[in-house]
Amino acid sequence: MAAGLPVLAHLMRRRDLPQRALPTIALLERARAESRRRMRLVDLLLLAARVLMIAALAAAVAGPFVSVGLAYGDGATMSVAIVLDDSMSMGRAEGGRTLAAMARARAEAVIEALPDGSEVAVVLAGEPVRVLASRTDDLTTAAALLGDVPEDSARGTDMPGAVARALRELSAARHDSRRLLVLSDAARHGLWEEVAWPEGGVHVDVERLGDEPAPNRWIVDAMTVPDPTTPGQASVRVELRSDTQGEQVPIVLLRDGRELARQQVTIRGGVGRAILHAPLVDEGDPSAVLSIDAEDALGTDNRRAVLLRSAASIRVLLVDGDPHPTRDRDELGYVVRALDAAPRTGGPIAYQIVDPDTFAATSLADFDVVVLANAPAPPSHAADGLRAFVEAGGGLLSAVGDRVEPQPWEARLGELLPARLRSSVPADPPLALQVAPGAAVILAGDSGLEGAVAHRRMVLDEPAPGARIELRFEDGSPALVVGGHGAGRTALLSTTLDDGWTDLPYRPGFLPLLVQLLRHLSPRASTPAGPIEPGAAVTLSPPAGTSGFEVIDPGGVHHRHEGTEPLAFTETGSAGVYRVIVGARSDTPAEDPRSAFVVAPPVDESDLAVAPPPELLGVAPERGTGATQELPLAPWLFALVALLAVVEALLRITRPRARRQEAPTIA
Amino acid sequence: MPEVLDPEVARRVRNLTLSARRTVEGLMSGIHRSPHRGASVVFVEHRDYRPGDDIRLLDWRAFARTDRDVVKRFEQETHLRATLVLDRSGSMAYRGQEGPRKDEHAATLLAALAYVLIGQGDAAGVLTVDEAVGNAVPPRARPAHLDAVLRALSAPAAHGRPTDLGSALRDVAERAGRRGVVTIASDLLDLREGALDPIAHLVTRGHDVIVLHVLTPEEIELPFDGPARYVGLEGEADMDVDTDAVRTGYRREMARFLDDARRRCTAAGARYALARTDESPEHTLAAILSSGRRRGWR
């Protein structure tokens, strides 16, 4: 009502105007018409400024406030753990922004909304789970760290692990008010049903980002094998999946931006398969890219790196020292069973079995590794051939047994063995096998060999210089020793590969042990031929005779490794080809195409279907989880009054100036 | 003497000599030169006889010498016939913050002229105008006629009566009769197109026209402050105006109005003088008469 005062004053003032007679009123009318045009705007602005000023003043005195919603929380200090899904499926774009960018922006807003003194921790749910920011009250730093979260991750999702890790961060929180905020696309590959939500004491908010996804197409698998019909050619077997049935999806094989092959793939039953042919690459960078031309929900899974290298499989010659028609009683029965069951993603292992006599007449040129399983000492010419094979880079695994006599072995193969043989002795009671400290071939952690025992063994001397014990008996004597000779690698197992002397073949760790050992011994294919998942560790062994190597990741970053020890390389977060340059220090650096490996996103990530609503999981979802807060408007209104007062004064100054301009003088 | 003529003003104006720019035709001999050639004492020229000329004017001596019929021409002294036109429309009733009303000031100026003219034996008459010609006192030279002239000039302006200057001046042109001096005292506040055209008509008919543009300083300067409601004197609509806001524009319009009036009058062959009510009448008359003298008046 007060705002009407200027208008009222204007009207009252008009009523009380003094009257003046003027004969020249016609001239006055003309002048007013001209003046009106100029002054009307100023007058209107002046009136508006006065009305607004009084209105603002009245409003300010009334002490109004506005209710605003907090981005998160209730305005009280608290401890918050944010689980940020940085898996590949968060790379899906909506409205020009990826879900990852939305999640990051939301996390920043949440942290910004926290009052001083609050604590925050940020856990990334991409596999493997990582802690981006440990629980801290330095909110600025925590928010800044969010800038490091990539938008084009290739990782899988480990939501159960991420929630568990976040709850651990909250377990020692300083504040009683504890909150867990999950920012995710809630895709079902996140294994939401396995998440162990807190029973109480922690308020849980699950915020789903993005709407229903558009149809998606993705490359499920790509495997390169030599073309059996055309030497020097590779066959790239591709499997696609699509949410759209019956469509034709073009797929292209590219190398250095050049198209090597193209094919239309028809999707039937959600799956399409194709085989593309391209030349093998034996030297230099073997990288190539498969790409499907599709406008779909997720772009990251439309490309897949492949390696166009020959002999992707490890070729193993198995020398069976005690063949038997019954597989379980054959010396290599368990080995063959294990190799047949070896995971394909780790690269195929091709093997050929020969008896000792045949071995003596077999050329080793077509093999990468020779396994002597309880074989008698080979004849001299065969021993010479084996020595030359190892010196040239081949691998040799020797396993003892009843048919192994130390003396002839020492005489024929002594220099190839990483430890000297003494004699076979029974073990009563049986001796347990243990992973030796410093073992590199057998990955640390859960080896699956726990509980394995041997009731007979070949007593070995201490390893030769440069050799290393991977497995020990519980009395400390060596059970598995690895070493090298020339450019090749050797290994000696002081027990059998069947269950004649040990129950090792019964143990779950037998298969991994065998595969890792063969990969270690293989001179040219020490890395898996198939893709590995982002974040997984890859064992890289420096080739014998070299002092180190470099790994070049898909982003072009060089990871240098010095020394002769195998390396568990874990910087595998990005999808693509990881190239290996050997001889990085003193030798002439050279690309080793056989050591390159591919990291590919997990197939599950491409399934963008949304998980059941979180409330079905026993968690109350809340969108816009912040409470409302009342903010007083009076200071702003008083500031507005001051501003309007200045404007009003300026207009009042302007107005007479406009009047005074060009005042003529009449004589 | 009627109150319209301030004795002091009359005394000061008495010494002024009114001279006409042109010689006028008069019935009475006087100090003014007449364009009529005739029975007079001052020979001017010979010219060829034309049929219709008075044969008494033939110069027989010249005929004898040159065998040509020529006629003698003489310059004749004659009386001045002055018509004093007073605007008595509503706008002339305006009085500024100081000084006389406009119609009073105009009457004073015309009365002074009448006093002088009659005093020197010339004829003076009065016509008052508003929408049309009102009072009319025919020109006479008798001293007793001055009283009638002054009485006619003394009648106050009628408030609210509109001006139709064009119509009134056309009427004046019809009534002014023979050539003479027509002096118009008016505020000229008739802004219609062609309102001043009759002035040219008067000049064309041989009259020496003097326009005394009577305005107050308030009308010229608009010296008032602040918002006010302005009221017209001839029935115009009231106007609420912030004086400060329009002063500049008003003065611009007034300058344009004055310039237009001066330009129209001089273009028609009339003499123009701005007669501000805050200036003394003799100052105004001295200015207008001196300009007449420069043009050939005695």
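**View 1. Chain A as a whole.** Two residues are in contact here when heavy atoms lie within 4.5 Å. In chain A of this predicted model, 72% of the contacts between residues at least 6 apart in sequence join residues at least 24 apart. The chain has 11 helices and 33 strands (DSSP runs, H or I of at least four residues for helices and E of at least two for strands, numbered from the N terminus). Of its 667 residues, 51% count as buried, meaning under 20% relative accessible area, with exposed over 50% and partly exposed in between (1.4 Å probe, protein chains only). Chain A's accessible surface comes to about 29800 Å², and 53% of that belongs to carbon and sulfur atoms (Shrake-Rupley method, 1.4 Å probe; for residues, only the protein chains shown count as cover).

**View 2. A nonpolar patch on chain A.** Here A:Leu57, A:Val61 and A:Phe638 form a surface patch with about 290 Å² of accessible area together. A:Phe638 sits in helix α11, residues 634-660, and is partly exposed at 42% relative accessible area.

**View 3. Helix α6 of chain B.** Within residues 197-204, B:Pro198, B:Ile199, B:Leu202 and B:Val203 are buried. Looking down the axis of α6(B), these buried residues fall within an arc of 150°, so they line one face of the helix; the arc is that of the directions from the helix axis to the C-beta atoms. What do the buried residues of α6(B) pack against? Their partners in chain B are α5 (165-175), β6 (181-186), β7 (208-215) and α8 (243-268). Just after α6(B), B:Gly206 has a positive phi of about 100°.

**Notes.** Residues are numbered from 1 along each chain as its sequence is written, and chains are lettered from A in the order in which they are written. Local features need pLDDT of at least 70, and side-chain atom pairs count only at pLDDT 80 or more, while totals for chains use all residues.

Terms used: Heavy atoms only, no water. Patch = residues over 30% accessible without salt bridge, like charges linked within 9 Å, V, L, I, M, F, W, Y side chains within 5 Å. Salt bridge = Lys/Arg side-chain N within 4 Å of Asp/Glu carboxyl O.
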